[in-house]
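Please open the structure in a viewer and keep the selection panel at hand.

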Amino acid sequence: MRKSNARTEKMKLSYIRTIMERAREMEYNGKKIVHLEIGEPDFDTPLPIVEATIQALRNGYTHYGPDEGLDELKAVIAKKILRTKGIETEKKNMIITAGASEAIFDAIVGLTGPGQRVIIPEPSFGNYYNCCICAGSTPVNIPLKLDRHCRMDFEKLEEVVDENTGFIVINNPHNPTGAVFSADEITKLADFAMDRDLMVITDEIYEDLYYGDKKPLPIASLKGMKERTVMIGGFSKSYAMTGWRVGYLIVPPDLVESVQKIHQYAVTCVSTFSQVGIAGSIESCDHDLQYFKNELNKRRQYLVGQMEKIANISYIEPEGAFYLFINIKRFGISSIEFTERLLEEHGLAAIPGSAFGAAGEGFIRLSYAASLDEIRKGADLFRTFIAGLEKRI
Ligand SMILES: Cc1ncc(COP(=O)(O)O)c(C=O)c1O
């Protein structure tokens with residue numbers, strides 16, 4: 001008897017996990033590994049959040065909460081979205097999820113299905129593609145333009161949209177390239193979506209993490225876009241809360257129920273004490289967020305400075321999130337071979353660009369969410385590896 005199904009067989013386990021597991025195995029066998037593969041800050045969660053959550057546990061918030069999340073937390077999120085993005089949201093349109101990952105799953109599985117095409121600009125976070133496969137919808141990958149910057153390819157977009165295309169997924173600031181799409185691009189994309197009657201799923205999990213003046217423009221803030229945008233956010237990256245698993249989803253009113261059903265049957269509700277703890281403390285953590293951002297910026301500048309010292313290395317300008325996407329095409333080896341050798345021969349863990357889809361081939365991703373000390377060691381190992389490769393060109 002068949003014990004699997006065609007959809008899950010087509011889904012791919014993340015190559016990021018494969019690298020992490022190999023690195024762990026090597027560590028277990030006594031090898032020192034420098035970790036620049038992991039997409040999470042090394043900071044501790046701000047103390048007020050931890051304390052408020054412990055208090056919530058003591059106060060007995062250990063039962064089921066409302067499926068779609070606690071009003072207190074929704075109110076705090078709505079306030080932040082209004083303050084930082086200028087968008088009014090209503091609590092009936094918001095669902096608190098187990099991280100942004102669940103929000104992505106709920107949106108794609110709840111809203112797309114067989115016969116529907118979903119455009120995913122690549123390279124991209126692998127969840128979008130795999131959630132489409134799980135939903136039975138068709139992911140349509142279009143390459144992003146990658147040179148010194150990472151930009152949307154509107155000609156390609158125009159080419160692939162047909163009457164069965166319902167959605168485009170964007171991620172801004174962007175994993176893996178570290179790009180922040182310009183206000184012009186986002187505005188052009190909004191016009192395109194309205195013109196071609198597309199919905200936009202926007203993953204804004206890195207919304208707070210941008211380092212220059214180029215603040216990411218939330219597409220839902222543009223006229224006519226709120227009703228055609230599903231907005232995803234969360235606490236994992238900005239507040240160093242990856243282990244807490246709390247995120248959210250804001251859905252236009254007529255689509256809430258479809259998304260709610262997936263959330264209800266998969267998760268029921270997010271842990272009540274975490275929601276109470278976050279709701280009661282997050283507003284007092286602005287200075288922590290600012291501190292994290294400043295630290296990440298220092299790490300970004302350091303890593304970029306190191307790359308600048310290596311002749312012939314080019315990378316995409318890292319403006320947001322905490323990733324550096326480095327072009328390795330001149331070495332004539334695949335990104336998988338590059339990262340495997342980097343790990344096996346030098347003990348530096350990095351992610352091959354192809355883990356983010358075919359359009360990521362020819363690049364590798366380094367994360368600068370690790371400590372400065374780790375980044376320093378990583379940069380040295382990277383330089384040594386490149387020097388060895390250069391000799392063979
Ligand atoms: C673009 C993007 N979206 C979502 C997530 C998942 O976030 P969470 O930990 O809140 O599920 C990640 C994590 O790496 C990410 O890079």
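The tour begins with the ligand and then visits selected residues of the chain.

This is a predicted model, in which local features need pLDDT of at least 70, side-chain atom pairs count only at pLDDT 80 or more, and totals for chains, interfaces and linings use all residues. Residues are numbered from 1 along each chain as its sequence is written, and side-chain values use heavy atoms, with hydrogens and water left out.

**Stop 1: the ligand and its shell**

Select the ligand first. The ligand sits in the largest pocket. A pocket is found on a 1 Å grid over the protein atoms alone, as an open set of points with protein on both sides within 12 Å along at least five of seven lines. A molecule sits in a pocket if more than half of its atoms lie within 2 Å of the pocket's grid points.

**Stop 2**

A polar contact is a pair of N or O atoms within 3.5 Å. An N or O atom in the side chain of Ser-101 is 2.6 Å from an oxygen atom of the ligand. For Tyr-206, a polar side-chain atom lies 2.7 Å from an oxygen atom of the ligand. For Lys-237, a polar side-chain atom lies 2.7 Å from an oxygen atom of the ligand. Taken alone, the ligand exposes 400 Å², and the protein buries 92% of that. Accessible areas come from the Shrake-Rupley method with a 1.4 Å probe; for residues, only the protein chains shown count as cover.

**Stop 2: two cis peptide bonds**

Select Glu-122 and Pro-123. The peptide bond between Glu-122 and Pro-123 is cis, with omega near 5 degrees. Pro-123 is placed in the loop between strand S3 (117-122) and helix H6 (126-135).

Then move to Asn-175 and Pro-176, which are joined by a cis peptide bond with omega of about 15 degrees. The loop that contains Pro-176 runs between strand S7 (165-171) and helix H8 (183-195).

**Stop 3: positive phi angles**

Select Arg-245, in the loop between S9 and strand S10 (247-250). Its phi is near 60 degrees, a positive value in a residue other than glycine. Arg-245 counts as partly exposed because its relative accessibility is 34%. The scale is as follows: buried means under 20% relative accessible area, exposed over 50%, and partly exposed in between (1.4 Å probe, protein chains only).

Continue to Ala-321, in the loop between strand S11 (314-315) and strand S12 (323-327). Phi of Ala-321 is near 55 degrees, again a positive value in a residue other than glycine. Is Ala-321 buried or exposed? Ala-321 counts as buried, at 0% relative accessibility.

**Stop 4: residues separated along the chain**

Select Gly-234 in strand S9 (residues 229-234). Gly-234 counts as buried, at 5% relative accessibility. Its C-alpha atom is separated by 14 Å from that of Pro-41, 193 residues apart along the chain.

Select Leu-82 in helix H4 (residues 71-85). Leu-82 counts as partly exposed, at 40% relative accessibility. The C-alpha atoms of Leu-82 and Ser-221 are separated by 9.9 Å, and the two residues are 139 residues apart along the chain.

Finally, select Ile-351 in strand S14 (residues 351-352). Ile-351 is buried, with a relative accessible area of 0%. Ile-351 and Phe-325 are 9.5 Å apart in space, C-alpha to C-alpha, and 26 residues apart in sequence.

Terms used. A polar contact is a pair of N or O atoms within 3.5 Å; within protein, one must be able to donate a hydrogen and the other to accept it, and residues adjacent in sequence count only if both atoms are side-chain atoms. On a 1 Å grid over the protein atoms alone, a cavity is a set of points where a 1.4 Å probe fits but cannot get out, and a pocket is an open set with protein on both sides within 12 Å along at least five of seven lines; lining residues have an atom within 4 Å of a point. Helices (H or I, at least four residues) and strands (E, at least two) are DSSP runs, numbered from the N terminus.
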